[in-house]
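Please open the model in your viewer and follow along. Each stop names something to select and tells you what is there.

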Amino acid sequence: MGKDVIIACDFPNKEVCLNFLSRFTDTKPFVKIGMELFYSEGPDIVKEIKSRGHKIFLDLKLHDIPNTVKKAMSVISRLDVDMVNVHAAGGCEMMQSAVEGLIRQDGTRPIIIAVTQLTSTSEKMMQDELLINRPLSEVVMSYANNAKKSGLDGVVCSPLEADLVHAMCGREFLTVTPGIRYSSSSAGDQKRVTTPARAKQLNSDYIVVGRPITASSDPVGVYNQCMFDFVG
Ligand code: C5P
């Protein structure tokens, strides 16, 4: 898998999303469908976007008992998505079950990655509210290691952690990194942010870019800039 830019299509409904995607006439960007759009439109939105030729990362961040996650993943896998995810906080047994559930009859399955700690989580929040009394980077590395041991393909993490994850889990273990911004003044709720060029230097495999593209008056221009800076 080569490097790519994934657009986070965090839109309220199908109409807004398809209007947005129709602006991309020369390329078919890899898109991420998250909870907002999926819960609003259901599985049909996945089929619709797939039929338009886009690769899809279905970002539903599953986190439940192993059996429930396995069953849910087998349904998701039939939607022919390219990438899915779980929360590593669900533990190794849950992650192994997720992989099992994803395997299709023909032996193929989507890429599956684990969320380590959300990029909106600061070390202070993690320690004060989640009562995880360790440095954030140690927690991210430990969760990444659990994901690798459980047979997952990679993790969602901050670009700032990508190199460390590769050092521990191998260069082939994918790092999918949100928290991308061109200027820190527009970080919004993201706490740990970097530019596309910096994410490339840090060896991130995929960057996930939402509002910098979707809220721009020139989304195609910003997407092309991200591709240029990140993929080259
Ligand atoms: O708009 P923005 O660029 O902040 O969008 C980032 C996207 O990546 C959002 O859809 C968010 O849900 C997702 N994400 C994240 N941090 C994670 C996992 C997913 O920001 N750790």
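Buried means under 20% relative accessible area, exposed means over 50%, and partly exposed is in between (1.4 Å probe, protein chains only). Helices (H or I, at least four residues) and strands (E, at least two) are DSSP runs, numbered from the N terminus.

This is a predicted model: local features need pLDDT of at least 70, side-chain atom pairs count only at pLDDT 80 or more, and totals for chains, interfaces and linings use all residues. Residues are numbered from 1 along each chain as its sequence is written, and side-chain values use heavy atoms, with hydrogens and water left out.

**Whole chain**

Start with everything selected. The protein has 11 helices and eight strands. Its C-alpha atoms fill a box of roughly 45 × 45 × 30 Å along the principal axes. The radius of gyration is 17 Å, which agrees with the value near 17 Å for a compact globule of 232 residues. That radius is taken over C-alpha atoms, and the globule rule is 2.2 Å times the number of residues to the power 0.38. Of the 232 residues, 50% are buried.

**Strand 4**

Select residues 83–87. This is strand 4, and five of its five residues are buried. Which residues sit on each side? Met 83, Asn 85 and His 87 are on one face, with Val 84 and Val 86 on the other. Both faces are covered.

Strands 3 and 4 pair in the parallel sense over three bridges. Two strands pair if DSSP finds at least two bridges between them. Pick Leu 62: its bridge partner in strand 4 is Val 86.

**The cores**

A nonpolar core is a set of buried Ala, Val, Leu, Ile, Met, Phe, Trp, Tyr and Cys residues joined through side-chain atoms within 4.5 Å. The largest one here has 58 residues. Select Val 46, Ile 49, Leu 58, Met 73, Val 86 and Ile 112, which have the most contacts inside it. Helix 7 (residues 136–149) gives the most to this core, with seven residues. A second, separate core has 13 residues, including Phe 57, Ile 113, Val 156 and Leu 174.

Zoom in on Met 73. Contact means heavy atoms within 4.5 Å. Leaving out residues up to four places away in sequence, Met 73 touches Leu 62, Val 84, Asn 85, Val 86, Ala 98, Gly 101, Leu 102 and Ile 112.

**His 54**

Is His 54 buried or exposed? His 54 is buried, because its relative accessible area is 3%. A polar atom of its side chain lies 2.7 Å from the backbone oxygen of Pro 29. Neighbours within four places in sequence aside, His 54 contacts Leu 21, Lys 28, Pro 29, Val 31, Ile 49 and Asp 82.

**Two positive phi angles**

Most residues other than glycine have a negative phi. Go to Asp 80, in the loop between helix 4 (66–77) and strand 4. Its phi is positive, near 65 degrees. Asp 80 is partly exposed, with a relative accessible area of 40%.

Finish at Leu 131, in the loop between helix 6 (123–129) and helix 7. Leu 131 has a positive phi of about 60 degrees. With a relative accessible area of 68%, Leu 131 is exposed.

Methods: A polar contact is a pair of N or O atoms within 3.5 Å; within protein, one must be able to donate a hydrogen and the other to accept it, and residues adjacent in sequence count only if both atoms are side-chain atoms.
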